[in-house]
Structure formats: C-alpha cells, structure tokens
Amino acid sequence: MNKSVIALSIILLALWTQPASAREDDFYLGESRNSGGFNVFIGKKSLDSSWDPVQGQMEIGLKFDYKRKDWPVSIAFDVLASNDSQVDISTSPGIEFTGSTFERNIGARFDSQVTDSLNIFAGGGISFIRASFKSSESGIMISDAESAVGNWFEAGLRLTTDNLSAGIDIIQSSGNMSLYGKSVNAGGLHFGLLFGLKW
C-alpha cells in the first residue's frame, strides 16, 4: 500500500506541476483553461456478510473533480457516508445493531463526452475508510471503530447540459480492518444517482 500511495502522489504532483508559462496562461481571452464538477451522490452501499444484519446501508456523498485543459485526467476527491440499523427480534429483548462507514477517496477520474448530452467516466485511487459497528441490548451498548487505507474504482454515466448533470455511479471500494477482533472489509459495492454542477 505504501507503494500505491507514493505512485499516486507522484502522478498528482506531475499533474499539478506545470511550466511557469502554462500557469500564467490559466485564462486566455477571458476563457478558463480549467474545468471541474461537483455532484451529490445518493444511493446504497452493500458490504459483505461479516456486517450482517447491517450489510445494506443507505449512503450519501459529495464528489468533486478538477482538471486543467492540458491534463488527460481530473483530480478526484469524494466523501461517502453510509449507515444502517437493524433489530434482531429472535432474542428477547431484541438486540439493535448499527453499522456505519465514512470514506474519503482521492485519485484520478477520466471522462469522455460521447455526445453533446452524454458523458461516461471511470476513475480510481486510494480510499481512507473509517467504520464502526455497535450493538445495544437493554440499554447496554458495545461498540468498536477502526480505520483503514484501501482502494476504490468506479464507472458511470451522466446526462449533461451546459452546467447541470445527472447520472448513475457504480463504485467498488475495499479497506480491511479489525472490528471486535475479527477481520472485516469496510469497503463494498456502491450504487447511486448523481446530481450536480459542472464548469
């Protein structure tokens, strides 16, 4: 994983470091050389069976990207938060389980304008994940939380106008950690809708 972090850092540094003449020419004839986007993600995250009974979590997030005109890809920075609570009624009194994750994903995103109104994209990078799992019975709560560094990959499509966009996004993330002394993957399969702005 250290090699992945170093490799991504070199790529981002290479993208950011431009000749002085290019930096001075950020705007030409009043037109920005830069582009970017901001999207709200609303969907669901599916974790593996080790998260039972809270492996299906509702999720909301914010997704950002920034690209200079002479860059082949955009810098991507996304935050995603998921949560679910379920009560196991097979015991008396019932046990309430709560699971949650928070991902900060940084990397690169490539997009292609297929038609005037259809855009497809793909991306990937490093995922910094924080996760927690709680159980509560008769007012007594037991909880554990941990962090991990993993990876993420995505693909999706957007319908676009001059400044607005809407679409679908599929993300696969991973991040292994130990909760309650058991190894779990806090990443998962994310599927959701995107609504946003672009410039």
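Which residues are linked in a network of salt bridges? Here they are: Lys63, Asp65, Asp78, Arg109, Glu154 and Asp169. A salt bridge here is a side-chain nitrogen of Lys or Arg within 4 Å of a carboxyl oxygen of Asp or Glu.

## Ground rules

This is a predicted model, with local features needing pLDDT of at least 70 and side-chain atom pairs counting only at pLDDT 80 or more, while totals for chains, interfaces and linings use all residues. Residues are numbered from 1 along each chain as its sequence is written, and side-chain values use heavy atoms, with hydrogens and water left out.

## The barrel

Let's start with the fold. Eight strands make a closed barrel in the order S3-S4-S5-S6-S7-S8-S9-S12, and the pairing is antiparallel. On average, neighbouring strands of this sheet are turned by 25 degrees against each other, direction ignored. (Those angles are taken between axes, which are lines fitted to C-alpha atoms, for helices over the stretch in contact; they run from 0 to 180 degrees between N-to-C directions.) Strands (E, at least two residues) and helices (H or I, at least four) are DSSP runs, numbered from the N terminus. Two strands count as paired if DSSP finds at least two bridges between them.

Strand S8 (residues 140–160) and S9 are joined in the antiparallel sense over 10 bridges, with Trp152 opposite Ser173 in S9.

The structure holds eight salt bridges. One of them joins the side chains of Lys45 and Glu103, at 2.8 Å from N to O. Lys45 sits in strand S3 (residues 34–46) and Glu103 in strand S6 (residues 95–113), so this pair ties together parts that are 58 residues apart in sequence. Lys45 and Glu103 are both buried, where buried means under 20% relative accessible area, exposed over 50%, and partly exposed in between (1.4 Å probe, protein chains only).

Asp169 and Lys63 meet through their side chains at 3.1 Å, N to O. Asp169 belongs to strand S9 (residues 164–174) and Lys63 to strand S4 (residues 56–68), so the contact ties together parts 106 residues apart in sequence. Both of these residues are buried. Then there's Arg109 with Asp78, whose closest N and O atoms are 2.6 Å apart. That pair links distant parts of the chain, with Arg109 in strand S6 and Asp78 in strand S5 (residues 74–88), 31 residues apart. Arg109 and Asp78 are buried too.

## A nonpolar patch on the surface

On the surface, Ile42, Ile60, Val114, Ile120, Leu157, Ile168, Ile170, Leu189, Phe191, Leu193 and Phe195 form a nonpolar patch, with about 930 Å² of accessible area together. Areas come from the Shrake-Rupley method with a 1.4 Å probe; for residues, only the protein chains shown count as cover. Patch members have over 30% relative accessible area and no salt bridge; nonpolar side chains (Val, Leu, Ile, Met, Phe, Trp, Tyr) are joined within 5 Å, like charges within 9 Å.

S12 provides the largest share of the patch, four residues. Phe195 lies in that strand, S12, and counts as partly exposed because its relative accessibility is 44%.
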